[in-house]
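Look at the model below and follow the text through its chains.

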Amino acid sequence: MTTKAVNTAVPRPNGGGYWKKLGLDLAKNKWLYIMMIPGLIYFLVFKYLPMWGIVIAFEDYSPFLGPFKSAWKGLYWFQRFFSTRKWIDYLSNTLILSFMSIVFTFPAPIILALLLNEIRSTQYKKVTQTLLYMPHFISIVIVVSITYVIFGTEGIIYKLTTQMLGRSIDYLGDPKVFRWMIVGQSIWKETGWGTIIFLAALTNVDTQLYEAAMIDGANRLQRLWHITLPAIRSTIVLMLVLRMGSVLDTGYEHLILMSNALNRSVSQTLDVFVYQNGIVNGQLSYTTAVGLMKSIVSVILVVSSNKIAHLLGEEGLY
Amino acid sequence: MKKLVSLFLCLAMVLSVMSFAAAEEDMTLNVMLPDFYSDADWKTLEDGNPVLQAIYEKTGVKLNVTWVPNSGYGEQTTLTLADVNNLPEVMVMQGPRDAIMLKSARDGAFWDLTDFVADAANYPNLAAGEKSVYDNIAVDGRLYGIYRARAYARAGIYYRNDYAAQAGYAEEPATVEEFKDMCLKMAALDPNLYVINMCKYVAGTIGIMTVMNGAPYQYGVNAEGKIYPAFEDPAFQEGLDFLRELYAAGGIDPNFMTIESGNWDDAERSDPPKAVMRLDCLDNGYRYEEWLEENKGTDKEKPVVSLLTAIPNKDGKIQIWPQNIGASGEIVITKAVSAEKLPKVVKFLDWCNSQDGQTLLNCGLQDVTYWIHSDGFRYTYPEGEAENSATYAATTNVIQHSLNQLGMNVNGDLTPPTAATLLRSEYNKNLEDNAQYVIANPCLTFESETNNLMGSTINQAVEDAQVQYIAGKIDLAGLQAAYADWHAEGGDLILQEYQTVYDAQAK
């Protein structure tokens, strides 16, 4: 208890509350605060004001009646969603896909960045990097079309694996294969682009450290483990915390393009549900409610993973 | 190609010089239509579109069209109706009984047209429409749109009779049982040949097969007057079992679920054909035959495509799947139109159904987008230019696009007739002869809140399970589990709600 009292006393030598300090600061840095006003207004008008639109999650919204005249429904849509047995499927599909992506897609750019970092010839490195960025600019529609061509029953990979394994794999229809296809496509498309931020972090590593380590007899792997990785650890944690915020976001274009009657049992995620019921079937209130729940869970995930990062001694997000 | 375009431009110029004479009261009309030719450029009135020019001269209406690719039209409808201040004035609603249509109509998005349609003196063409079809699209007894007429008896089977002959069926099968036998024999012909051409859109194939086999369409009423879902009819299960058997025998492409409906034709039109039969709208059948005649040089006097419909099932009953409700969607007038402008817009829709209107919307202008040959029939290319027909079609698509989507034809088809090939005449004859066999969904106009909310989700799950069953991914127990889910997830409520309406009507 005593230590805690000392701790709290240290950052507040002047005493006084938050508002008093803010007042003093306002008086001292008047112009800085005045210059901040346009930015604040921007956030209020364009980020916070539109948020009151979530009110439609609590009513039976009709665009023609407007948010004020639409019938109030309270928590009806939330109850409705949880009263269908399917919501567990939607949630588990979302979580499984997301965690597969965190386990397999997230480390891929880190590994690739480390590999690129070891390349000596700058010429070769630049060409490789450019080639690796390319897939990012290919639309997911095209990626899926290419997949259809090479994994369909007429496709080269289908034929090859059929011959090698002696049995055919239904790449496009089998629910067991579906998630691996999605993860594989994401890795193919985004890994190269994802290296950018890690390569930037790698340039900050002090080269003297490597020289010193070399003199001490550290081999390449040891240098990687003891110097490079610790140097980019805070970047990795930051990216991971950000990624946690989007655990429930699977996107819908990719999944809709890849889904069909055979694999729909695993391709229906919350995002796909919102798209199909909100945009295709026009149930705006229902899907706003589902989207709202998703956002709340995402906020909780970001805050808690940030806390964990702090506990582990990392800077985290804020 | 360039020559043609410049010809059109000259023509447009001449027309625009003439135009100031016409139309005392001009009016711009914003319309939103589904587009089947989104890859062709579109010419607006300002760019010199001769068809729009002609419409303007005759009616004083400057059409301003927003094209939405047909595949995304459903989504765009929702988004458009959510943006109340930027509604088009006239638009196509593709599903007259969809939740979005019912809700928007009730919330006051569209003008009530009931009184206009009843006014035969001022709007004779609209008033000439079929009462039964108007009833099918009415919401709470009021009309919020003009339906786009389609024949009932369009659905059936078309197949290559040259392949059927190899399987021992030189004559058309006379019964559903014979038809099934023919399919299985054709599947045994060649391991690389699929029989039924299927794609992602399976509702048609499953529907045609099961209804032909004796199942009701979507919902049935049993002897005790209880409403039940069609998939619980034994005849439905039999039809499904047949498709499963054919799939197992190699008669259906295992990749069919990855084929978009836009690429449905590919398997038939490849060389050699990968699939030789389709359960669909039969107008696709005579188009296939005409394509074969044109591109493969098959004999016009001996069609290689056969149309098969109205054959008795094993109980001796003939049933045809209803392709539609006598309508393919409807044209609505939104509240973006002021009350003063409304009668003029309705008048314009009435004109669209006149002979002039129908011809301009469906065929375009004579000698620009269609030609009357010396035999008196309408063609899509000038006489003696058959080999350049693709070029003419491309130019027509630029000018005409999908303007026919605005056509309603409620008073019958008044466009210049086309030359009837053998199959096309057979198709037209079928439409009249077989209308009596087309069955209807008894719950079509019934209201069910649960269906509006949950219907599409749970019906999709059932359809998915049926596909998995056909493809051998699940067994009968799995299929029945999916049906049980349907009941639990809202199906029981839907049945209850329908039953209430049905009982009330029966009294």
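A residue counts as buried if 20 or more other C-beta atoms lie within 10 Å of its own, as exposed if 12 or fewer do, and as partly exposed in between. The model described here is predicted.

Start with A:F64. This residue has 19 other C-beta atoms within 10 Å, so A:F64 is partly exposed. A:F64 sits in a loop of chain A, with strand 1 (59-60) on one side and helix 4 (66-69) on the other. Leaving out residues up to four places away in sequence, A:F64 touches B:V84, B:D107, B:G108 and B:A109. Within its own chain, take A:N219 as a point of reference: between A:F64 and A:N219 there are 70 Å in space, C-alpha to C-alpha, and the two are 155 residues apart in sequence.

Next, consider how chain A is divided. Where the two domains of chain A are in contact, domain 1 contributes six residues and domain 2 contributes five. On the domain 1 side, four of these residues are nonpolar, two are charged and none is polar.

Now turn to chain B and its strand 9 (residues 275-281). Six of the seven residues in strand 9 of chain B are buried, which leaves the strand mostly covered. Which strands are joined to strand 9 of chain B by bridges? Strand 5 (residues 155-160) of chain B runs antiparallel to strand 9, with five bridges between them; B:A155 has B:C281 as its bridge partner. Strand 6 (residues 194-196) of chain B runs parallel to strand 9, with two bridges, and B:Y194 is partnered with B:A275.

Notes:
Residues are numbered from 1 along each chain as its sequence is written. Chains are lettered from A and ligands numbered from 1 in the order in which they are written. This is a predicted model: local features need pLDDT of at least 70, side-chain atom pairs count only at pLDDT 80 or more; totals for chains, interfaces and linings use all residues. Helices (H or I, at least four residues) and strands (E, at least two) are DSSP runs, numbered from the N terminus. Two residues are in contact if their C-beta atoms, placed from the backbone, lie within 7 Å. Ala, Val, Leu, Ile, Met, Phe, Trp, Tyr, Cys and Pro count as nonpolar, Asp, Glu, Lys and Arg as charged, and the others, Gly among them, as polar. Two strands pair if DSSP finds at least two bridges between them.
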